[in-house]
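Dear colleague,

Please find the structure below, handed over for your own use. My notes on its contacts, rings and backbone follow it.

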Amino acid sequence: MKNKFGKLVVSAVAITSLLAGCSSGGSGGSEGSAAPGTAPAPAAKTSSEPAKGKVTLQFWHSLGGKTGEYMTAMIDRFNASHPNIEVVGTFQGNYDETATKLQQSIAANTAPDVTMLERAYVEQFADADVLQDLNSYMKNSKLSADDFVPGLMGHSTFNNKLVSLPLNRSTPIFYINKDMLDEKGLAVPTTWDELKKVANALVVKEGSEYKRYGLTMVHDSWYPIAFITQAGGKFFNDQTTSLGFIDNGIGNKVFSYLKDMQSTGALYYPPSQNSGSIVNQMFTDGKVGMMFQSTGVMGSLSNVKFKMVTAFMPKDKVNAEPTGGANIAMTSGSKNKNAAWEFINWVETDPQGGLQFIIDTGYLPFTKKMVETKQLQDLWTKEPNRKVAYDQLQFATDTNKSVVWPEVMKEFHSVMQAIMYDSKDINTSLDAFKKESERILKSK
């Protein structure tokens, strides 16, 4: 364990350096922290201090702004219904910042009892043996992995241990200004070829200035990974010793497709800083007709002044959707494990826990019983765009699972920037990325 823990602490450097260059939560999902365009809540406790005689649980999370208010409300509902336990929720910044602080707290023996953990970081912490195996707790509560939505369980197990459960989970989804398409007699695209044609048809250019773009997406590793998988590739190879999309030409295909669209205004690729807020505002203002964004921002787009529809991301060879968002986990060093499980179990199964939080926020339902509830079914009838996000989970796949993903992710962001911003040669950039990734993977 010592060597693995040492690697865990050292990897905080990689995460911290990534934060300096990327504000969109680069671990695979751009919605971590506050909703785009909102100021994050201060890094302070979100529930009152516990009274004497109660078990105190420290819970760290990554949700600020309006979403953070919904998290606080859920914690308050738990505390009101559990007189012997008081959960103190603390906002720790976005997903990457929370992971870094968790690493530091484990080293200092000040880790929380329960933590939100972006799903791509689970393997790293589990490999260091700092997450509690929940199998026995699940069994005692008459729960099993079969009670959960399969597409969201890919980052819950590690070496036969159940180390986390879904919480605020999401996928990328396709947002469309339907009025804009209708004006030109265009159908919602379902394939890459259709997407390119529709995106180019929506472009409005006056002189050298683009007044309207066809498509945009957040600057985040999530979206290229989606394209890679849709083209039949895998981020890592099956042995997790190298990349699975370079030698077969899929990486070149993906980035050539994106650069070609970028060159005609069919794709607006935003600056890395505040890219989520930028693309949301452009879509809301009608400056772009279509957008790839997280399911987690759907609620913030509900007041657009045009008919908005959602759809699956267009496919190339196959439909494929990477998942994102965060899971909930118990730290193995917690001195209040029974109380910690009571909180986690309540979040996962009580209607006043996760279900209400999902209804409030727009994140994906994570248990099969939750999906069947009248509350959610009625909501989907009223807001069918939200059901599209759930239906898309049948194509959920994560091919970037590795204990060293945060380090590889840092390098992937560098190659994305080199290609999309600096117009560096695609093959040269990808070959260099492959070599560096193999070095990182070999060191794990």
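Which residues' side chains meet in a salt bridge at 4.0 Å, N to O? They are those of Glu383 and Arg386. Please bear in mind throughout that this is a predicted model.

**The chain as a whole**

The chain has 444 residues, and 58% of them count as buried. Its secondary structure consists of 17 helices and 15 strands. Of the contacts between residues at least 6 apart in sequence, 79% join residues at least 24 apart. The accessible surface of the chain is about 17500 Å², and carbon and sulfur atoms account for 49% of that area.

**Salt bridges**

The structure contains 16 salt bridges in total. Side chains of opposite charge can pair when their charged atoms come close. Besides the pair described above, I would draw your attention to the following.

Glu436 and Arg439 form a salt bridge in which the closest N and O atoms are 2.6 Å apart. Both residues belong to helix α17, and because they are 3 residues apart there, about one helical turn separates them. Arg439 is partly exposed, with a relative accessibility of 49%, and Glu436 is partly exposed as well, at 24%.

A further salt bridge joins the side chains of Glu209 and Lys211, with an N to O distance of 3.5 Å. Glu209 has a relative accessible area of 44% and is partly exposed; Lys211, at 40%, is also partly exposed.

Finally, Glu118, Arg119 and Asp398 are connected through a network of salt bridges.

**Aromatic pairs**

A search of the whole structure returns 26 aromatic pairs. In one of them, the ring centres of Phe235 and Phe412 are 5.1 Å apart and the ring planes stand at 80°, so this pair is edge-to-face. Phe235 is part of strand β10 (residues 234-236) and Phe412 is part of helix α16, so the pair ties together parts that lie 177 residues apart in sequence. Phe235 is buried, at 0% relative accessibility, and Phe412 is likewise buried, at 0%.

A second pair, Phe357 and Tyr363, is stacked, with 6.1 Å from centre to centre and 15° between the planes. Phe357 is buried, with a relative accessible area of 0%, and Tyr363 is buried at 4%.

Phe235 and Phe412 also take part in an aromatic cluster, whose members are Phe235, Phe236, Phe245, Trp405, Phe412 and Phe433.

Is Thr171 buried or exposed? Thr171 is buried, with a relative accessible area of 0%. This residue is located in the loop between β6 (165-170) and β7 (172-177). Its side chain makes a polar contact with the side chain of Gln392, at 2.9 Å. Leaving aside residues up to four places away in sequence, Thr171 touches Trp222, Gln293, Ser294, Thr295, Pro322, Thr323, Leu364, Ala389, Gln392 and Leu393.

**Backbone angles**

Most residues other than glycine have a negative phi.

Asn160 is not a glycine, yet its phi is positive, at about 70°. Asn160 is placed in the loop between β4 (157-158) and β5 (161-162), and with a relative accessibility of 76% it counts as exposed.

Ser423, also a residue other than glycine, has a positive phi near 55°. Ser423 is in the loop between α16 (405-420) and α17 (426-442). What is the relative accessibility of Ser423? The value is 52%, and Ser423 therefore counts as exposed, the limit for that class being over 50%.

With kind regards

Methods
Residues are numbered from 1 along each chain as its sequence is written. Side-chain values use heavy atoms; hydrogens and water are left out. Helices (H or I, at least four residues) and strands (E, at least two) are DSSP runs, numbered from the N terminus. Buried means under 20% relative accessible area, exposed over 50%, partly exposed in between (1.4 Å probe, protein chains only). A polar contact is a pair of N or O atoms within 3.5 Å; within protein, one must be able to donate a hydrogen and the other to accept it, and residues adjacent in sequence count only if both atoms are side-chain atoms. Contact means heavy atoms within 4.5 Å. Accessible areas come from the Shrake-Rupley method with a 1.4 Å probe; for residues, only the protein chains shown count as cover. Rings of Phe, Tyr and Trp (its six-membered ring) pair if their centres lie within 6.5 Å; planes under 30 degrees apart count as stacked, over 60 as edge-to-face and the rest as tilted.
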